[in-house]
Amino acid sequence: GYVAGVLTLLPHSSVKWVLPRPRDPDIGILMRPMLQLTATQGVASASSFADRFIQSFLPAGGIAANSYAGLLVASTSTLLGFRDIFVVPFSEPHDRALKLERALIGLVLLAIPASVFMSLEAPAIVRTLFQRGRFDELATAQTSELLRIQSLALLTAALVSPMFRMLQVIDRIQLGSIVLAISGGCSFIL
């Protein structure tokens with residue numbers, strides 16, 4: 001469908017196929033942020049090795065329990081982070097710091113009760129979502145304990161999204177790499 005759409009629209013568009021010249025300044029303007037984003041994602045992938053290292057010490061069934069708890073926390077933090085809603089307001093230079101401050105305060109007011117609720121109600125959440133088939137009481141208890149621990153990360157996970165969007169808007173992508181490297185290092189030390 002995409003190929004058919006492109007082939008239908010392309011002949012009537014004003015798109016010109018031009019081979020870029022490596023010394024063209026427009027190419028440098030485009031390539032620098034792309035390379036920085038690629039490097040940042042590489043650092044994020046490298047920091048996930050610390051998480052895998054921690055998982056190697058978990059008892060039998062612990063990796064699955066950790067993954068289930070991580071899935072719940074990740075989906076909740078994605079919901080609280082509102083994904084890319086922050087890009088447009090942060091792209092305007094007027095009162096950018098104030099907008100970031102308000103967004104962070106609002107997310108803290110949402111994330112703290114969500115984290116406390118998830119921690120207190122972990123057994124009920126896990127029992128409702130997962131306990132069936134071979135997922136027995138022992139698996140529920142183990143996953144609930146890990147969910148209680150991981151729910152503490154909900155606050156920082158919700159705040160990361162707008163802060164990384166701000167770093168992208170103000171063209172400080174390399175600071176995101178530093179944050180991810182420190183996070184991976186702290187996980188490894190833990």
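Analyst: Let us begin with a definition: a residue is called buried when its relative accessible area is under 20%, exposed when that area is over 50%, and partly exposed in between, using a 1.4 Å probe and protein chains only. This is a predicted model, in which local features need pLDDT of at least 70 and side-chain atom pairs count only at pLDDT 80 or more, while totals for chains, interfaces and linings use all residues. Residues are numbered from 1 along each chain as its sequence is written, and side-chain values use heavy atoms, with hydrogens and water left out.

User: Why is Phe135 called buried?

Analyst: The relative accessible area of Phe135 is 12%, and the limit for buried is under 20%, so Phe135 counts as buried.

User: What makes Tyr68 and Phe135 an edge-to-face pair?

Analyst: Rings of Phe, Tyr and Trp (its six-membered ring) pair if their centres lie within 6.5 Å, and planes under 30 degrees apart count as stacked, over 60 as edge-to-face and the rest as tilted. The ring centres of Tyr68 and Phe135 are 5.4 Å apart and their planes stand at 85°, so this pair is edge-to-face. Tyr68 lies in helix H3 and Phe135 in the loop between H6 and H7, so the pair ties together parts 67 residues apart in sequence; helices here (H or I, at least four residues) and strands (E, at least two) are DSSP runs, numbered from the N terminus.

User: What makes the pair of Phe130 and Phe135 tilted?

Analyst: Their rings are 5.7 Å apart centre to centre, with 40° between the planes, and the pair is accordingly tilted. Tyr68, Phe130 and Phe135 form one aromatic cluster, and the structure holds three aromatic pairs.

User: How do you know that Glu145 and Arg148 form a salt bridge?

Analyst: A salt bridge requires a side-chain nitrogen of Lys or Arg within 4 Å of a carboxyl oxygen of Asp or Glu, and the closest N and O atoms of Glu145 and Arg148 are 3.0 Å apart. The structure holds one salt bridge. Because they are three residues apart in helix H7, Glu145 and Arg148 are separated by about one helical turn. Glu145, at 43% relative accessibility, counts as partly exposed, and Arg148, with a relative accessible area of 28%, is partly exposed as well.

User: Why are the buried residues of H6 said to be on the same side?

Analyst: In helix H6 (residues 122-130), Ala122, Ile125, Val126 and Phe130 are buried. They cover an arc of only 95° around the axis, which puts them on the same side of H6, the arc being that of the directions from the helix axis to the C-beta atoms. These buried residues pack against helix H3 (62-81), helix H5 (96-120) and helix H7 (137-150), where contact means heavy atoms within 4.5 Å.

User: Why is Arg96 called buried?

Analyst: The relative accessibility of Arg96 is 19% and the limit is under 20%, so Arg96 counts as buried. Arg96 is found in helix H5 and, leaving aside its neighbours within four places in sequence, is in contact with Phe90, Ser91, Met166, Val169 and Ile170.
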